[in-house]
Amino acid sequence: MKNLRFCFSYLFPAIILALLTPSSVAQLSPSENRILFQVQKLLEYPQALQGWTRWTNLCFLPPSRSLKIVCSNGHVTELTIIGNKTSPSSHIPKAGSWTSLQTLSGKFSIDSFFTDLTKLSNLKVLSLVSLGLWGPLPSKINRFWSLEVLNISSNFIYGEIPSSISSMMNLRSLVLVGNLFNGSVPDLQRLTSLQELNLGGNKLGPGFPSVGKNLVTIILRSNSLRSHIPPQILHFDKLKVFDVSSNEFFGNIPSFLMSMPSLQYLNLASNHLSGNLSVNVACSSSLTFVDISHNLLVGKLPSCFGSMSSKATLLYSGNCLSTKWLKNQQHPSSFCKREGALAVMPPAKNLKNESNSGAKLGSVIGIIGGAVVIAGLLVLLILIIFRKSSGERSHHKMDKPVANKYSASASPRSNGTRHIPQAMKQAALGLPPYRIFTSEEIDDATNNFDPSNLIEEGSQGQLYKGWLRDGSVVLVSCVKIKQKGLPHSIMQQIEVLSNLRHRHMVSVLGHCIIAEQDHPQTTSTVFIVFEHISNVSLRDQLADGRKREMLKWPQRMAMNIGIARGVQFLHTGVAPGIYGNNLKIENILLDDSLNAKVSRYRIPLPSKSVHNEHTATNHSTNNAEKEDIYQLGVILLEVITGKQIASSSEIEEMKDELENGSSEATSVLKSEIDPSLRGTYAYESMKTAVQITINCLSKVSSQRPSIEDVLWNLQYSMQVQESWTSSGNLSTKL
């Protein structure tokens with residue numbers, strides 16, 4: 001009896017605990033139990049999931065920083081697993097350290113992983129952090145029909161965010177920080193329950209995502225977003241945290257941001273935001289953190305900043321603000337005006353290629369884990385890829401003043417080769433791959449050089465129209481070259497051909513060489529295959545009265561910038577630069593989208609002998625460069641005035657009229673502009689374009705600007721025009 005009382009005294013608490021504990025919590029369904037063990041296996045037994053046996057009651061594991069499992073009614077409702085794999089963002093500066101230690105092995109399948117995981121259909125909270133997941137996020141993610149919190153941070157997931165996420169109507173929190181997502185964010189306006197959106201540390205962009213008005217937290221920092229701050233943010237009454245730092249936002253900071261009633265944390269740092277802050281704006285009393293540093297802001301700080309709480313944080317260095325505090329940490333106002341003008345031009349990006357590069361990257365990462373023997377070589381490959389990507393992301397900022405204040409001195413050049421900016425190399429995206437044609441393909445394309453296909457015959461040879469076997473129309477230029485030496489030496493001369501590819505040039509698609517040896521001289525025929533532009537020239541477009549009426553100032557400015565970019569590529573995008581390009585308005589072709597393309601530019605091939613050509617090129621490079629600038633000025637003159645120019649005397653006469661008009665009253669300058677542009681341009685935009693045109697037409701060649709100066713001022717003119725247009729000033733009258 002005594003022993004019985006002793007046993008009962010020990011068993012009674014356990015019995016009471018068992019009675020008070022719902023059996024549904026104590027016992028997980030066998031199917032979901034198996035799923036958790038499968039998750040353990042697919043995640044390759046991370047430290048947080050080690051030590052499990054078939055006797056382990058997974059619902060009663062004590063929660064820790066790295067693991068939390070919550071069960072209800074025999075189902076898992078919350079699963080949080082935090083590993084120790086390093087996120088991609090920490091490896092961008094040092095891509096070579098990206099090894100299989102940070103990712104799951106090549107055997108890992110993200111599709112299989114989520115196929116199993118979505119069978120936990122009662123999950124409300126899912127957090128998978130720093131586990132080395134890689135691959136594109138499957139669209140089946142929306143099978144978590146009751147999920148409220150989704151956190152897949154600090155992994156290596158690439159590609160676009162699947163649009164199926166927009167059907168997860170119960171989501172309150174979506175956190176995808178520190179992955180490799182790119183492309184546009186799907187429309188999330190239907191997610192009316194969504195309160196937290198954190199997509200920081202990816203490559204998303206360029207547009208601001210469409211989201212619902214009930215959000216409390218919006219964090220989009222460190223992406224590739226390029227837009228204005230959307231005005232609809234004004235209606236987000238519940239918004240407390242708004243962080244879009246380290247992107248490429250441009251334009252003014254809306255004055256309503258500071259006075260939003262619920263906003264507590266505002267971070268706009270490291271963008272291209274410009275203009276004046278509203279001095280008299282009222283700051284919200286709830287605002288405790290504001291960071292507007294490292295933008296292009298000018299003027300004074302809002303007066304309400306001085307009355308913010310002493311506990312509030314205010315950061316504003318790295319702008320051009322006129323403030324007595326941190327004055328030594330501000331740029332001169334001219335810096336912000338220059339950089340702001342450059343910032344408005346959209347970058348050349350190809351999101352599809354970016355997605356493809358992400359896919360390749362994921363494959364490489366997977367192979368690293370599965371093939372240990374060649375891991376060292378693959379790490380080296382990743383290092384090369386990332387260095388290349390880093391180079392493509394970097395921009396070369398041109399520090400130039402406005403047209404009438406710039407230095408006209410020639411930009412320095414190195415002898416021989418020069419650095420070619422990656423942005424220029426990327427400008428050929430969309431063209432078919434460069435290729436070497438066979439002589440049979442050239443014969444077929446031109447129908448054995450049928451005279452009916454001959455377009456012209458000039459100093460650089462004959463130009464034929466042709467049709468490739470895939471049906472595409474091309475132009476074939478035939479150039480004969482005589483030289484001393486072996487036939488293979490000509491290869492060094494035509495190496496530049498494969499680089500003559502740009503969206504604002506009639507680009508080279510390939511070539512063919514036929515060499516005939518007649519010792520001691522070699523005669524080589526080079527066939528250069530160009531893309532064919534089927535639309536009219538800019539001269540034809542302006543000569544046609546009806547078509548000229550359609551070309552308002554914004555369209556003409558886009559063409560001017562395109563032409564300047566084509567010339568810039570010829571001057572600085574190939575090594576050595578190509579000058580003396582016979583720039584004429586009739587040689588500016590317009591494609592079906594009215595995109596301007598420079599044609600008939602100089603092909604750097606020797607016409608007589610390599611020696612003579614080399615000597616002549618070195619002797620006349622500087623003069624030829626300045627002659628290109630003058631000819632570009634003539635084109636700009638015709639675009640602005642709408643008049644055809646037939647002689648050099650007309651150029652001087654029209655230039656003088658513009659110059660006098662720009663220094664007189666506004667009405668005087670307007671009288672010299674093409675009448676069909678009336679009501680479609682901002683005066684300051686036009687005046688900037690006129691001034692740089694006048695500078696290009698300077699009689700003294702050394703006083704003509706560089707192509708970088710020209711391009712900068714045209715971009716600045718476009719920025720002024722866009723600001724004017726967005727203010728509702730654009731007239732619809734012809």
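Three disulfides were counted in the chain, a disulfide being a pair of cysteine sulfur atoms within 2.5 Å. The structure is a predicted model, in which local features need pLDDT of at least 70 and side-chain atom pairs count only at pLDDT 80 or more, while totals for chains, interfaces and linings use all residues. Residues are numbered from 1 along each chain as its sequence is written, and side-chain values use heavy atoms, with hydrogens and water left out. Counting bonded cysteines along the chain, the disulfides follow the pattern 1-2, 3-4, 5-6.

Cys 59 lies in the loop between helix H3 (30-42) and strand S1 (67-72), and Cys 71 lies in strand S1, so the pair ties together parts that are 12 residues apart in sequence. Helices (H or I, at least four residues) and strands (E, at least two) are DSSP runs, numbered from the N terminus. Both Cys 59 and Cys 71 are buried, where buried means under 20% relative accessible area, exposed over 50% and partly exposed in between (1.4 Å probe, protein chains only).

A disulfide also joins Cys 283 to Cys 304, with an S to S distance of 1.8 Å. Here the torsion about the S-S bond is about 40°, so the disulfide is right-handed. The pair links distant parts of the chain, 21 residues apart. Cys 283 sits in the loop between strand S15 (272-276) and strand S16 (289-291). Cys 304 sits in the loop between strand S17 (296-299) and strand S18 (313-315). Cys 283 counts as buried at 19% relative accessibility, and Cys 304 at 10%.

Cys 320 is joined to Cys 336, S to S 1.9 Å. This link is right-handed, with 90° about the S-S bond. Cys 320 belongs to strand S19 (residues 320-321) and Cys 336 to helix H6 (residues 333-343), so that distant parts of the chain, 16 residues apart, are linked. Cys 320 is buried at 6% relative accessibility. Cys 336 is buried too, with a relative accessible area of 3%.

Cys 512 is in no disulfide. The cysteine sulfur closest to that of Cys 478 is in Cys 512, 9.8 Å away, which is too far for a bond. Cys 478 counts as buried at 7% relative accessibility, and Cys 512 is buried with a relative accessible area of 3%.

Four strands form an open sheet in the order S4-S6-S8-S10, with parallel pairing. Strand S4 (134-136) and strand S10 (203-204) stand at the edges with a single partner strand each, so one side of each is left without a neighbour in the sheet. Two strands pair if DSSP finds at least two bridges between them. Strand S6 (residues 156-159) and strand S8 (residues 180-183) pair in the parallel sense over 2 bridges. Gly 159 stands opposite Phe 181 in S8.

The model holds 1 cavity of 30 Å³ or more. A cavity is a set of points, on a 1 Å grid over the protein atoms alone, where a 1.4 Å probe fits but cannot get out; lining residues have an atom within 4 Å of a point. Grid points are joined across faces, edges and corners, and the volume is the space filled by probe spheres set on the points. The largest cavity has a volume of about 40 Å³. Its lining consists of Ile 253, Pro 254, Ser 255, Met 258, Leu 277, Ser 278, Val 281 and Pro 302. These divide into 6 nonpolar, 2 polar and no charged residues. Ala, Val, Leu, Ile, Met, Phe, Trp, Tyr, Cys and Pro count as nonpolar, Asp, Glu, Lys and Arg as charged, and the others, Gly among them, as polar.

Technical notes
1 Å grid on protein atoms, 1.4 Å probe; cavity = no way out; pocket = protein on both sides within 12 Å on 5 of 7 lines; lining within 4 Å.
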